[in-house]
Amino acid sequence: MEISLNGMLAGLLLSTVLSAAGTVAYAGDTEIVIGAPISLTGPLAGDGKEQKWAYEQAVADINKAGGIMVKSAGKKLPLRLVVADDESSEGKVASALENLIKVQKVDALLSTHSGPMNIAGAIVAEKYKKFYMITTAFPFEWQPLKLKYSALFFFHPGPGAEVPFEVWDKLPADEKPKHPALITEDSPDGKGFGGAFQAAAKKYGYTFAVDDPWAIGATDYSALITKLKAADVDAMLVFGSPADTITLLRQMKELGFSVPYFHGWKGTWTGEFHEALGPDSDYIMTDGFWSASYPYKGAKELGERYEAEYKKDSVTVGAFYANAQVLAQAIEKAGSTDAAAIHDAIFGQEFKDTVVGDLKFDETGFALIPSVATQWWQGKHQLIYPDGTWTYKPAPAWDKR
Amino acid sequence: MSRTLQCIAIVVVAALALLPFVPGAVDAYYFSFLFFIFLYAIMAQSWNLVAGYGGQISLGSHAFFGLGAYTTAILWTGNYLWGSLYDKHPSIYYFDPVTMLLGGIVASLAAVIVGLPLLSKLHGDYFALGTLGFGEIVKVLFVNGGDFTGSAFGIVAPAGMFDTLRPHYWVALGLMVATALAIRALMRSRYGLALIAVRDDEMAASANGIDTLKVKVAAFAGSAFIAGVAGSLYTYYIFHVGPDSVFDLDWMLLPLMMTVVGGTGTLLGPILGALVMYAVFDLARIVVPDYHPVISGLTIILAMLFLPKGLMRSFAGRARTG
């Protein structure tokens, strides 16, 4: 029994040492610590990589300009960004925030991405009264909660889901899809978007030849592809993770099934998508929250900087960069990092000159941005909607590309 | 358990119970760190009961955890228990023992319903795969449960109830201790002997008059009850019960790993395993956020290579030979 006791004591000692080692210094009046749960691992790590880069750039730019004036400190303070991995999992966001709030002692928080993960994050932030600035969650998920210590800017799934139909409306009659299909993943975002696509299809006079939910993480889509082939599908609206969408497209190529119009949400915007598929990513339509082609202050420069570093472009980094811009401006307006003060500085207020344009937050703390549609072409996103100059190219069969 | 060990255990539990009174403790990271260790230790004990003592490898713990979590969230947000009392006392469902108990009962009822056909027909790997399938079925049912389960989005409980982590900590500590004591008492009873007999040689146990199916189903239901109550507690912590969070396979895989590392079929193994493994996972997450799965994976490989019988048994064995 003494031996078992040794085991217990060894475990206790180990965990105590490990926990102590995990304790880090925290901010005083010398800096503002901004925390961000980010998907560094897991199926959404590709998205997380762009998010992390954007937050780092925003913080670096703010610091380069001297930091932000904080009335309570009586001087300009630099920002320091600390991130914690949420493992692309809703359940792990809470642990990541506990780490950021209690170990890293952050003053305020920037969001991770995707609706359910951000809702989980917002609830933890609400519990600990830390302000959580969100982008990439649908307002229908966040607004009913009436949270005090978070604000959101994003698009509504309704107008977002109308984008492909807007694109189709402008196509010549012979290029308009006759048998479109809707494939949405079995997730809250997928369900929410699925309903919006169905409503939009009705509005624009389309009927889906196939309307199937899509299991997350499945590795064999041959049954689905056979069904799409049998239904003579000529356009696909697909909501799914990068890994799943890449697998689906690879299997479509293996089975010789191609559609002229393939529009992806969530899974097709990252650089990893193009890296994984190479030239096969050409013609793929993708969503996004931002474009370097936007005429807003700093948008072009940010896009160029991303491209110079990664040799590819991005349709998301601007939204995340703007998220950090809003939080920094709000702290400056509030004069402190107190969550209630930041709330007052954002709710019902307007933020000018962000890289997504001017953001006007309503009384619920929500600001609307448009959904973007681009087409992959030789490794770059070509802006089609809104106000893009690129002309949509329908995809030929795989052997004719 | 020797008297010395008992005394030390009492002192450690008492010290842990008094920890929230230490100034600043509640706001320190180690406080939520300990809460999660207690929670995982409860889940590990749950798995240990059916797999370690009962020899039935269940891969469905996450389903029972999720059922407990959803039961609590549904009863709470739908006010199915306390009627008008809820209006007068909005905190009535928060850490309500009846609600938590029902979380465990619903999970154990599900275990009986699924356990009877599975345990009577399937053994070993086949039973394990059957329970894994059950977990997936339950998740899909909740995703498609409409307004009742909140569909794929799940249910959000009133997060404004949260004031401090103290009650979560105490309840988790209490449940961890109660679970360990209950399993200790159970394993010393006639039922415990029957369970071990079934694990060691089911045919011989049956030949000696033990109703093996009844014994196995009872262990499965008991394990589910523990997981269900743990799920209920998690609802009070997370306030958002969604299919992707509470039916996450991690609620089965991590407790399984913790039990194996700590020592299957031992009373303190799951607690020790939860302590060590959660500490390693958490430290890796903090120190090397980009590469923590590498550290976690390496720890599991090393533990399996050098401590295949688990920490408790390895230390015991080494001391006997030393």
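V246(B) counts as buried because 27 C-beta neighbours lie inside 10 Å, where a residue is termed buried if 20 or more other C-beta atoms lie within 10 Å of its own, exposed if 12 or fewer, and partly exposed in between, the C-beta atoms being placed from the backbone. The model is a predicted one, in which local features need pLDDT of at least 70 and side-chain atom pairs count only at pLDDT 80 or more, while totals for chains, interfaces and linings use all residues. Residues are numbered from 1 along each chain as its sequence is written, and chains are lettered from A and ligands numbered from 1 in the order in which they are written.

V246(B) belongs to helix α12 of chain B, residues 243–246; helices (H or I, at least four residues) and strands (E, at least two) are DSSP runs, numbered from the N terminus. When neighbours within four places in sequence are left aside, V246(B) is in contact with F65(B), G66(B), A69(B), Y70(B), G231(B), Y234(B) and V241(B), a contact requiring that the C-beta atoms of two residues, placed from the backbone, lie within 7 Å. By contrast, L181(B), 65 residues from V246(B) along the chain, has its C-alpha atom 26 Å from that of V246(B).

Chain B as a whole contains 16 helices and 2 strands, and buried residues account for 53% of its 322 residues. Its radius of gyration of 20 Å agrees with the value near 20 Å that a compact globule of 322 residues would have, the radius being taken over C-alpha atoms and the globule rule being 2.2 Å times the number of residues to the power 0.38. The C-alpha trace of chain B spans about 60 × 50 × 40 Å along its principal axes. Of the contacts in chain B between residues at least 6 apart in sequence, 78% join residues at least 24 apart.

In chain A, 6 strands form an open sheet with parallel pairing, in the order β4-β1-β5-β6-β7-β15, two strands being paired if DSSP finds at least two bridges between them. The edge strands, each pairing on one side only, are β4 (79–85) and β15 (366–368) of chain A. Neighbouring strands of this sheet are turned by 20° against each other on average, direction ignored.

Within this sheet, β5 (residues 108–110) and β6 (residues 132–135) of chain A run parallel and are joined by 2 bridges, with Y132(A) in β6(A) as the bridge partner of L109(A). A further 4 bridges join β6(A) to β7(A), again in parallel, and here T135(A) has F153(A) as its bridge partner. Strand β7 of chain A (residues 150–154) is largely enclosed by the rest of the structure, because 5 of its 5 residues are buried. S150(A), L152(A) and F154(A) cover one side of β7(A), and A151(A) and F153(A) the other. Towards β15(A), β7(A) is joined by 3 bridges in parallel, and L152(A) has F366(A) as its bridge partner.

Strand β12 of chain A (residues 285–288) likewise has both faces covered, with M285(A) and D287(A) buried on one side and T286(A) and G288(A) on the other. Strand β11 (residues 261–265) of chain A runs parallel to β12(A) and is joined to it by 2 bridges, H263(A) standing opposite M285(A). Together with helix α10 (residues 271–277) of chain A, β11(A) and β12(A) make a right-handed β-α-β unit, right-handed meaning that, with the strands pointing away from the viewer, the path from the first strand over the helix to the second runs clockwise. Strand β16 (residues 372–377) of chain A pairs with β12(A) in the antiparallel sense over 4 bridges, and G288(A) stands opposite V372(A).

Methods. Axes are lines fitted to C-alpha atoms, for helices over the stretch in contact, and angles run from 0 to 180 degrees between N-to-C directions.
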